Amino acid sequence: MPNAIHLDQFGSGTRDPALERRYGLAKKRVLMTFGRMDASERYKGFDEVLDLLPALDPDIVYLLAGDGNDRARLEAKAVELGVADRAIFAGYIEESEKAATYRLADLYVMPSSGEGFGFVLIEALACGTPALGSRIDGGREALLGGELGILVDPTDRGALHDAIVHGLMQPRGVPPRLSYFAFPEFTRRLQALVHRVAERR
C-alpha cells in the first residue's frame, strides 16, 4: 500500500509575495529542500546541494526549510563555500505556511541516500513544483521510477549538477499521475484488498 496524500490540501499557485519578501527571493530561481536538520540524518541531501551551489548560476538560491541540531554546521558550511548569501535558512515552517513555502521553489531537490520514501517530494509535486529525487533510495518510489520527476544518483556530482539545471527548466503544474498517491486511490486499494481477503475465508 503506497503512501497517500490529500491533494485538496495543496494545489498549484504563484509565489506568496509576503513569503517572497521574507526570504528575499524576488528575481531569483529557487531550489528547496524541506526536512529535519539532524546530525543523524545527513543523508537527506542538504550537503550535496550546498556543495554544488558555487557552480550554479548566481541567480540560483537554495532555500533550506527545517531546523535541527545540524543547522549550525550547514550554516557554517555555506559561509566556507562562499554562498552564505545564496543559502537561505528558513527554519521551522508552520503547517499553515507549508504549501505556500513549496510554491516558492522552482525545483524541489532531495538528492538523498537513505530516505525511506520521500513524502516531501509528493507534497512539492502537489503544489505544482517540479521535483528531483534520488534513484538509490525511497525517492525512486515516490517519483514512480522517474515518471513524476527527475531521478539522479546523489553520489554523482556531475549528474546532480546537470539534473538541477535541467529541472529548473521544467514547467510548473501538478502531474496528472500524482493521483496514484491520492487518498481516494488509497481507499480504493484498501477496499479491494479487504474484499480479496474476505473472499478467501
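Let me start inside. The lining of the largest cavity is made up of 8 charged residues, 4 nonpolar ones and 1 polar one. Keep in mind that this is a predicted model.

How many cavities of 30 Å³ or more are there? The count is 1. And what volume does the largest cavity have? About 50 Å³. In total, 13 residues line this largest cavity. Closest to its centre are Glu41, Arg42, Phe46, Asp70 and Leu74. Which elements give two or more residues to the lining? Helix H2, residues 46-52, and helix H3, residues 71-80.

Now step back to the whole chain. The chain has 8 helices and 6 strands. Follow the sequence, and the pattern reads α-β-α-β-α-β-α-β-α-β-α-β-α-α. The radius of gyration is 17 Å, close to the 17 Å that the globule rule gives for 201 residues, so the chain is as compact as a globular protein of that length. Now the box. Along the principal axes, the C-alpha atoms fill roughly 65 × 35 × 30 Å.

Last stop, the surface. Which residues form a nonpolar patch there? They are Met1, Leu190, Leu193, Val194 and Val197. Together they have about 410 Å² of accessible area. Take one of them, Val194. Where does valine 194 lie? In helix H8, which covers residues 183-199.

To recap: a cavity lining with 8 charged residues, a chain of 8 helices and 6 strands, and a nonpolar patch on the surface. Thanks, everyone.

Technical notes. Residues numbered from 1 in each chain as written. Predicted model: local features only at pLDDT ≥ 70, side-chain atom pairs only at ≥ 80, totals over all residues. Heavy atoms only, no water. Patch = residues over 30% accessible without salt bridge, like charges linked within 9 Å, V, L, I, M, F, W, Y side chains within 5 Å. Areas by Shrake-Rupley, 256 points an atom, 1.4 Å probe, with all protein chains shown as cover. Salt bridge = Lys/Arg side-chain N within 4 Å of Asp/Glu carboxyl O. Helix = DSSP H or I, 4+ residues; strand = E, 2+ residues; numbered from the N terminus. 1 Å grid on protein atoms, 1.4 Å probe; cavity = no way out; pocket = protein on both sides within 12 Å on 5 of 7 lines; lining within 4 Å. Points joined across faces, edges and corners; volume = space filled by probe spheres on them. Nonpolar A, V, L, I, M, F, W, Y, C, P; charged D, E, K, R; others polar. Rg over C-alpha atoms; globule rule 2.2 N^0.38 Å.
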